[in-house]
Amino acid sequence: MDYDCIVIGGGHAGIEASLAAARLGFSTLLVTQNPDCIGALSCNPAVGGLSKGNLVREVDALGGEMGKLIDASMIQYRILNRSRGQAVQSPRAQADKQAYRMAARRVVENQKGLSIMMDTVTALVVDPGAGATAAPTAPLGRAAGVVTARGHRIGARAVILAAGTFMEGRIFIGEYDAPEGRLGEEAALGLGNFLRCMGFPVGRFKTGTPARIAGDSIDYGKMERQNGEDPRPF
Ligand SMILES: Cc1cc2nc3c(=O)[nH]c(=O)nc-3n(C[C@H](O)[C@H](O)[C@H](O)COP(=O)(O)OP(=O)(O)OC[C@H]3O[C@@H](n4cnc5c(N)ncnc54)[C@H](O)[C@@H]3O)c2cc1C
């Protein structure tokens with residue numbers, strides 16, 4: 001085996017998965033399409049809100065990194081729903097996009113036992129002998145590594161898939177649509193088809209970005225100012 005664990009994708013989930021595996025002492029490889037985009041925030045660069053605010057704190061309690069990254073890069077902090085009951089109040093921080101991404105990459109790069117590789121995983125290596133006792137409807141075999149677009153075949157005891165919005169991702173801008181993972185970044189093609197051939201159902205969910213407004217078209221005098229509050233750490 002080349003590694004104990006391979007994590008596919010250096011987004012928010014992949015960061016936590018690869019750090020957790022490496023911190024538990026497993027030799028870990030993070031394969032991601034573009035290391036410069038490790039920890040990139042897709043759209044509204046905010047961490048928190050009703051459900052994610054709790055999630056970030058749970059990740060933190062488990063030794064994860066997201067809470068620390070947003071604490072280090074926040075530019076505004078608010079408790080949402082202050083006028084309502086405590087059960088629906090939640091912290092939300094706006095991040096400095098570049099600072100967040102750079103801090104995330106620094107943590108991943110400096111983690112002992114964790115290596116980063118720039119490539120796209122197109123298929124898994126499957127050990128057909130293992131996992132034959134799985135439920136009758138489950139595909140037989142066990143993930144034993146990855147195959148990449150640049151022709152590498154790397155073995156591992158476990159593979160974690162954290163492909164986010166990139167697996168067979170498509171972007172829609174008005175009437176225009178094309179394969180893209182996020183604006184300006186390539187979709188990850190190949191693995192979706194591989195998983196389909198292995199018997200897994202594969203689909204896509206929609207995510208939406210509201211239309212952007214040109215700043216110089218806004219009369220700020222007619223708008224209400226929302227100040228941040230004193231931040232409490234995530
Ligand atoms: C336009 C847009 C707007 C969004 N707005 C918001 C928002 O405002 N707030 C919010 O909370 N969420 C938003 N999201 C959702 C956002 O994508 C998720 O919250 C978050 O990024 C998910 O993290 P993730 O780690 O699962 O995946 P991602 O952040 O999508 O990261 C996946 C990573 O895996 C890599 N990867 C994927 N497949 C492969 C492969 N086969 N081989 C190698 N590398 C691979 C990709 O290159 C990428 O770096 C938005 C998404 C999009 C596309």
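In this predicted model, a nitrogen atom of the ligand sits 2.9 Å from a polar backbone atom of Val 121. One is found 2.8 Å from a polar atom in the backbone of His 12, and for Gln 33 it is a polar side-chain atom that lies 2.6 Å from a ligand oxygen.

Stepping back to the whole shell, 25 residues surround the ligand, and the closest of them are His 12, Ala 13, Gln 33, Lys 52 and Val 121. Sorted by class, that shell holds 13 polar, 9 nonpolar and 3 charged residues. Helix H1 (12–23) gives at least two residues to the shell, and so does strand S2 (28–32).

The largest nonpolar core is made of 26 residues, and Ile 70, Tyr 100 and Phe 234 have the most contacts inside it. Two or more core residues come from each of strand S1 (3–8), H1, helix H3 (66–73), strand S4 (74–80), strand S5 (90–95) and helix H4 (97–110). With 5 residues, H1 provides the largest share of this core. Where does the core lie relative to domain 1 and domain 2? Domain 1 (1–42 + 109–214) and domain 2 (46–95) both contribute residues to this core, so it lies between them.

Terms used. Residues are numbered from 1 along each chain as its sequence is written. This is a predicted model: local features need pLDDT of at least 70, side-chain atom pairs count only at pLDDT 80 or more; totals for chains, interfaces and linings use all residues. Side-chain values use heavy atoms; hydrogens and water are left out. A residue is near a molecule or strand if one of its heavy atoms lies within 4 Å of it. A polar contact is a pair of N or O atoms within 3.5 Å; within protein, one must be able to donate a hydrogen and the other to accept it, and residues adjacent in sequence count only if both atoms are side-chain atoms. Helices (H or I, at least four residues) and strands (E, at least two) are DSSP runs, numbered from the N terminus. Ala, Val, Leu, Ile, Met, Phe, Trp, Tyr, Cys and Pro count as nonpolar, Asp, Glu, Lys and Arg as charged, and the others, Gly among them, as polar. A nonpolar core is a set of buried Ala, Val, Leu, Ile, Met, Phe, Trp, Tyr and Cys residues joined through side-chain atoms within 4.5 Å. Buried means under 20% relative accessible area, exposed over 50%, partly exposed in between (1.4 Å probe, protein chains only). Domain bounds come from an automatic or database domain assignment.
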